[in-house]
Amino acid sequence: MAKRPNARLLELPLLQNWSCHNCGGCCKKHLIEITEAERQRIDSQGWNAAELPEGLPPYVPLGRTSEGRYRLSQRADGACVFLTDEGLCRIHAKFGEPAKPLPCRLYPYVFHPTGKGLVVGLRYSCPSVIRNAGRDLVSQQDDLKQLAQETIADWPEEIPAPRLSDRSPGAWPLVDVLIAALLDELQQRDVPLRLRLVRMAAWTELISTTNLTDLTVAQLRETIRVVRETVAQLLPDEQTVMVAPADRLTLVGFTQLVAYYTREDTIVDQSKGWAGRWKLLQDILVYTFRRGRLPDLATDWKGIPIRDVEQALPWKTPAADELLTRYVVTKLQSRAFFGPAYYHEPVIEGFWSLLLTIPVTIWLARWHALARWQTQARRQNAGPDITSEPCSIQAVDLEAALARVDHNHGYSQALGMRSVKSRLRSFVRRDQLTSLIWDITRES
Ligand code: SF4
């Protein structure tokens with residue numbers, strides 16, 4: 001009989017460090033559903049209205065149609081009722097870390113099955129993950145094993161392998177071969193990131209056209225090796241690569257995809273009612289017609305026309321390469337891009353969605369860079385037209401963009417919609433995936 005995934009077989013992302021720096025960001029962005037046992041534990045902690053902000057109760061019903069389910073209360077600005085002004089958790093401060101609900105103790109970790117055991121991933125919506133700041137994960141292995149045991153307590157005994165592609169049913173050993181080849185391609189740091197991404201898109205497109213399940217592990221490895229070599233010959237370097245520009249239909253589909261990545265869907269957003277929905281409709285029109293001013297997202301994403309964001313900006317630095325490569329490597333190593341971790345997509349189709357997060361991040365980073373540049377110019381009392389420093393994407397822009405992207409990737413209901421999945425397949429069917437990646441990641 002198959003065994004339950006065993007926390008002793010815990011694999012860790014190799015490039016990643018993390019410790020919490022108490023910025024409080026996660027406590028402002030997530031709705032935390034609690035179990036019945038957690039609800040009773042919070043009751044036994046004896047919180048009273050005087051201890052909590054705005055006189056809020058510690059928890060409230062999850063929704064009108066979710067009888068018997070509860071979530072932690074949130075303040076009017078969306079922050080958790082237990083978050084202090086210093087960015088600390090009241091439960092943690094008074095009763096210790098184990099007294100917190102499991103989702104709060106888990107974030108930013110995630111656990112996914114590998115077939116043999118479990119693999120740990122991290123969410124890049126946490127700024128400390130983005131900056132690779134803190135202790136290496138190997139030194140945190142004992143805590144991670146404990147968390148893993150609690151997280152997988154109600155997982156089924158046997159976790160079926162995901163599909164390899166729309167055409168191929170899956171088998172864990174074949175999934176491992178595919179992921180090993182993708183990681184090998186990504187680690188070729190002498191090849192520019194943009195070219196690595198386009199090559200990976202090209203060879204995965206080629207192998208997705210056949211039923212891979214008929215192959216043995218050795219045959220799949222050899223097939224991928226031959227296809228990769230052929231693609232590398234066809235796309236030898238950044239200067240001579242001939243990739244057709246993305247067509248208009250694809251660019252419209254892409255900007256609509258970007259719109260889904262900008263959504264936060266917090267309790268505050270959900271409570272805006274018709275006014276909120278009307279505003280959302282207006283925003284959708286800007287993305288669809290690619291005209292007008294982009295909707296303001298937060299204080300640092302304001303007042304930028306969409307046409308300006310569609311113009312390329314310089315972004316390629318060793319730090320940008322390191323961050324974006326580490327992001328994709330972590331997602332691959334942690335199997336966070338297919339199956340239940342990614343809207344039940346097959347491995348290859350899930351990988352294409354992961355690839356698209358890079359152009360989406362660059363696009364959003366341009367927006368952030370332009371808004372930052374405008375603000376700086378105003379502060380210096382000079383209009384943006386006469387500022388001496390040309391605008392370019394800096395680390396701060398990429399980090400803000402990637403945090404927003406990973407907050408949604410695999411978690412936003414909108415990105416799991418059938419229409420979004422079919423749009424991705426339409427990009428591939430019309431040979432537009434490589435064009436899109438090439439186009440959006442260009443520099444001015
Ligand atoms: S977002 Fe990250 S660093 Fe900030 S409080 Fe949450 S876990 Fe800690």
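Visitor: Which residues of helix 8 are buried?

Guide: Happy to start there, keeping in mind that this is a predicted model. A residue is called buried here if 20 or more other C-beta atoms lie within 10 Å of its own. In helix 8 the residues that pass are Arg 194, Arg 196, Leu 197, Val 198, Arg 199, Met 200, Ala 201, Ala 202, Trp 203, Thr 204 and Ile 207.

Visitor: How many Å does helix 8 reach from its first C-alpha to its last?

Guide: Helix 8 spans residues 193–207, which makes 15 residues. At 1.5 Å a residue, the expected value is 21 Å. The model comes close to that, with a reach of 21 Å.

Visitor: Where are the domains, and what distance separates their centres?

Guide: The protein is divided into domain 1, at 7–151, and domain 2, at 160–444. Taken over C-alpha atoms, their centres are separated by 27 Å.

Visitor: Which element gives the most to the side of domain 1 that touches domain 2?

Guide: The contact takes 23 residues from domain 1 and 20 residues from domain 2. On the domain 1 side, strand 5, strand 6 and helix 5 (127–130) each supply at least two residues. The one that gives the most, with 4 residues, is strand 6.

Visitor: How do the residues on that side of domain 1 divide by class?

Guide: Let's take the classes in turn for the side of domain 1 that touches domain 2. Its residues divide into 11 nonpolar, 9 polar and 3 charged.

Visitor: What surrounds the ligand, and how many residues of its shell are charged?

Guide: The ligand is surrounded by Cys 20, His 21, Asn 22, Cys 23, Gly 24, Gly 25, Cys 26, Tyr 107, Pro 108, Cys 126, Pro 127 and Ser 128. By class, this shell has 7 nonpolar and 5 polar residues, and the number of charged ones is none.

Terms used: Residues numbered from 1 in each chain as written. Predicted model: local features only at pLDDT ≥ 70, side-chain atom pairs only at ≥ 80, totals over all residues. Near = placed C-beta within 6 Å. Nonpolar A, V, L, I, M, F, W, Y, C, P; charged D, E, K, R; others polar. Domains from an automatic or database assignment. Contact = placed C-beta atoms within 7 Å. Expected span 1.5 Å × (residues − 1). Buried ≥ 20, exposed ≤ 12 C-beta atoms within 10 Å, placed from the backbone.
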